[in-house]
Amino acid sequence: MTNDGLFLIDKGEGFTSHDAVALFRRASRIKRVGHSGTLDPFATGLLILCLEKATRLQSYLMNLEKTYEGTIRFGWSTDSYDPTGVVLGQAVPISVEHVDFEAAKKPFVGDFDQMPPAFSAKKVDGVRAYATARAGGTPQLKVKRVKISEFAILEVKGSQLSFRIRSSAGTYVRSIAHDLGAAIGVPAHLESLRRTLIGKFSVEDAVTTEVVKNATGPAFLQPPAFLSMSQVQLPFTEVRLDPMQHKKIVNGQTVVFKGSDPITVGDTLQLFSLSDEFIGIGEAIEVLREDGPVVIKGKVIL
């Protein structure tokens with residue numbers, strides 16, 4: 001039985017993403033494990049672990065939209081924009097129930113430029129921004145274009161706002177909390193955060209870090225938390241390669257193989273062997289349409 005596939009883990013509060021991967025490695029005895037995007041220790045929710053050959057999917061999965069639910073606390077800000085940072089100024093809870101947040105949130109819906117927080121993992125001249133910030137410096141970060149497809153205000157009660165956000169990869173929800181407070185003239189920080197979806201992968205199908213921590217063997221590697229590569233639904237056309245094509249394409253060569261309409265040049269393909277072994281993600285770089293099957297020249301890109 002192959003362990004190539006994805007595992008959905010519900011990261012608990014206090015665990016780093018690295019901690020979650022380490023717990024999984026120990027419990028499953030699988031060594032080749034990567035994850036699809038960092039969650040801060042105070043945040044909870046979905047991490048997708050990529051196992052064995054599925055580590056080739058990491059860059060694709062990291063670029064999927066993420067959905068979060070959480071709370072913003074108004075009345076004080078912190079240097080990290082979240083509850084783990086140093087309080088800036090005096091903490092004075094203030095009711096924001098009168099604020100028109102539907103209007104205030106408009107600049108943070110759609111495409112816009114976002115400044116990452118100083119306490120982030122962004123690298124500036126090879127140094128993590130948080131390392132510079134912790135040393136008392138000011139990292140010279142650059143704005144990044146991000147997209148928020150959904151920003152739903154779920155409840156406003158006293159000094160707390162509950163929300164749901166669906167955003168592009170690389171969006172800092174901490175910065176949204178901080179910047180929303182600045183927009184209404186009240187200091188704010190992100191109080192809690194939970195990631196519920198990565199693309200269509202749901203935390204409802206995940207196994208908690210506590211279950212993994214207490215496991216005595218890999219018995220927890222079961223659906224729906226574990227998805228073999230044949231069960232992973234990706235929006236790519238599947239093609240099968242014979243043994244010679246398989247050997248060539250994993251060695252970085254382009255190969256010619258048969259496919260079907262409507263494949264076009266530039267299309268992304270999910271590559272399998274004739275025995276349904278996952279090979280990788282490929283790209284069609286030339287397509288010839290003659291009598292019979294479509295002939296494709298392709299290469300592995302992931």
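Select Gln-253 to begin, a residue that counts as partly exposed because its relative accessibility is 39%; here buried means under 20% relative accessible area, exposed over 50%, and partly exposed in between, with a 1.4 Å probe and protein chains only. The model on your screen is predicted, so local features need pLDDT of at least 70 and side-chain atom pairs count only at pLDDT 80 or more, while totals for chains, interfaces and linings use all residues. Residues are numbered from 1 along each chain as its sequence is written, and side-chain values use heavy atoms, with hydrogens and water left out.

**Stop 1: Gln-253 and helix α7**

Gln-253 lies in the loop between α7 and β17 (255-259), where helices (H or I, at least four residues) and strands (E, at least two) are DSSP runs numbered from the N terminus. If you also select Glu-204, you will find that the two residues are 49 places apart in sequence and 40 Å apart in space, C-alpha to C-alpha.

Now select residues 243-250, which form α7, and colour Gln-245, His-246 and Ile-249, which are buried. Where do these buried residues fall when you look down the axis of α7? They fall within an arc of 105°, so they line one face of the helix; the arc is that of the directions from the helix axis to the C-beta atoms. An α-helix has 3.6 residues a turn, so residues three or four places apart point the same way. On the other side of α7, Pro-243, Met-244 and Lys-247 are exposed.

At the N-terminal end of α7, show the side chain of Asp-242, which caps the helix with an oxygen that lies 3.1 Å from the backbone nitrogen of Met-244. This is a polar contact, a pair of N or O atoms within 3.5 Å; within protein, one must be able to donate a hydrogen and the other to accept it, and residues adjacent in sequence count only if both atoms are side-chain atoms. Just after α7, Gly-252 takes a positive phi of about 90°.

**Stop 2**

Most residues other than glycine have a negative phi, and most peptide bonds are trans. Select Arg-29, whose phi is near 65°, a positive value in a residue other than glycine. Arg-29 lies in the loop between α1 (17-28) and β2 (33-35), and it counts as exposed because its relative accessibility is 56%.

Asp-276, in the loop between β18 (268-273) and β19 (278-288), also has a positive phi, near 70°. With a relative accessible area of 45%, Asp-276 is partly exposed.

Next, select Pro-223 and Pro-224, which are joined by a cis peptide bond with omega of about 0°. Pro-224 lies in the loop between α6 (209-213) and β15 (226-228).

**Stop 3: the nonpolar cores**

In soluble globular proteins, nonpolar side chains tend to be buried together. A nonpolar core is a set of buried Ala, Val, Leu, Ile, Met, Phe, Trp, Tyr and Cys residues joined through side-chain atoms within 4.5 Å. Which residues touch the most other members of the largest core, which has 44 residues? They are Phe-7, Phe-24, Leu-51, Ile-72, Phe-74, Phe-163 and Val-212, while the element that gives the most to this core is α1, with 5 residues. A second, separate core has 22 residues, including Ile-48, Ala-54, Tyr-60 and Met-229.

Centre the view on Phe-163, and leave aside its neighbours within four places in sequence; its contacts (heavy atoms within 4.5 Å) then include Tyr-68, Ile-72, Phe-151, Val-173 and Leu-190. Then select Ser-162, found in strand β11, which counts as buried at 14% relative accessibility.

**Stop 4: Thr-171**

Thr-171 is found in the loop between β11 (160-167) and α5 (173-184). Is Thr-171 buried or exposed? With a relative accessible area of 9%, Thr-171 is buried. The backbone oxygen of Ser-168 lies 2.9 Å from a polar atom of the Thr-171 side chain. Not counting residues up to four places away in sequence, Thr-171 touches Gln-114, Val-146, Lys-147 and Ile-148. Lys-122 is 49 residues from Thr-171 in sequence, with 12 Å between them in space, C-alpha to C-alpha.
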